[in-house]
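Trainee: Could we go through the charged side-chain pairs here, one at a time, with the reasoning spelled out?

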Amino acid sequence: MSEPRPAKAAPDASRRSERSRRAIFDAALALVSETGYAKTTIEGIAARAGVGKQTIYRWWPSKAAVLLDAFLDLAARANEALGGDAQSEIPDTGDLAADLKYVLRATVDEMNDPAFDAPSRALAAEGIVDPELGARFTEALLEPQLGYYVRRIQAAQAAGDVDPDADPRLALELLVGPLHHRWLHRTLPLTHAYADDLVDLVLRGLAPRA
């Protein structure tokens, strides 16, 4: 008499769901890079990811919401690849200029990366006509990143390297604002040299007064 076969293990629903999410994210980012936001559709994302469009609608209300989560996931994975995590702060080596140049150079590299450029532009454009999406993008990604600059500048103020009367929020906008302006309008190339010059210029204005 043969022994009964062991029962097959039930499929891991959470693992299957994670695979589907990853496929959807990859498909959304690829399509918006290849065809642009306007031509990217839920149907196209579903076909590219190998899932039913009802699966997408079960998790997200629109293609903009899919793209936002896909971009946030891409940013998190890029940060992890650099050895960071969700709580990563700007390095504090005691040399403010070097620390800021390190971060702004990494930002330049990200802005010049096609994997980030297309979805970033799509989200920026859609956020203008969809205030709710724009607010979510700002809350989920931009504000946490801007907070890193605020805390690093506050640390520099405590160390006597920055004017204690300078507004940290205004100071960070002097650093990141020009980068985003040049990226958004494509006025001139974004380079490491530009990032370095920007840091040097801003820090001269933030130096403690005699």
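Mentor: Let us begin with Arg77, which forms a salt bridge with Asp73 in this predicted model.

Trainee: How far apart are the closest N and O atoms of Arg77 and Asp73?

Mentor: Both residues lie in helix α4 (residues 63-81), and because they are 4 residues apart there, about one helical turn separates them. A salt bridge requires the nitrogen to be within 4 Å of the carboxyl oxygen, and for Arg77 and Asp73 the closest N and O atoms are 3.0 Å apart.

Trainee: Is Asp73 buried or exposed?

Mentor: Arg77, at 32% relative accessibility, counts as partly exposed. The relative accessible area of Asp73 is 18%, and buried means under 20%, so Asp73 is buried.

Trainee: Which residues are linked with Asp73 and Arg77 in a network of salt bridges?

Mentor: The pair of Arg77 and Asp73 is itself a salt bridge, and it belongs to a network of such bridges. Besides Asp73 and Arg77, the linked residues are Glu18, Arg22 and Asp26.

Trainee: Which residue meets Asp200 in a salt bridge?

Mentor: The side chain of Asp200 takes part in a salt bridge of 3.0 Å, N to O. This pair links distant parts of the chain, 99 residues apart, with Asp200 in helix α9 (residues 192-206) and its partner in helix α5 (residues 96-111). The partner is Lys101.

Trainee: What is the distance between the closest N and O atoms of Asp196 and Arg105?

Mentor: Asp196 is buried, with a relative accessible area of 14%, whereas Arg105 is partly exposed at 33%. Asp196 forms a salt bridge with Arg105, and their closest N and O atoms are separated by 2.5 Å.

Technical notes:
Residues numbered from 1 in each chain as written. Predicted model: local features only at pLDDT ≥ 70, side-chain atom pairs only at ≥ 80, totals over all residues. Heavy atoms only, no water. Helix = DSSP H or I, 4+ residues; strand = E, 2+ residues; numbered from the N terminus. Buried < 20%, exposed > 50% of the residue type's maximum accessible area, 1.4 Å probe, protein only.
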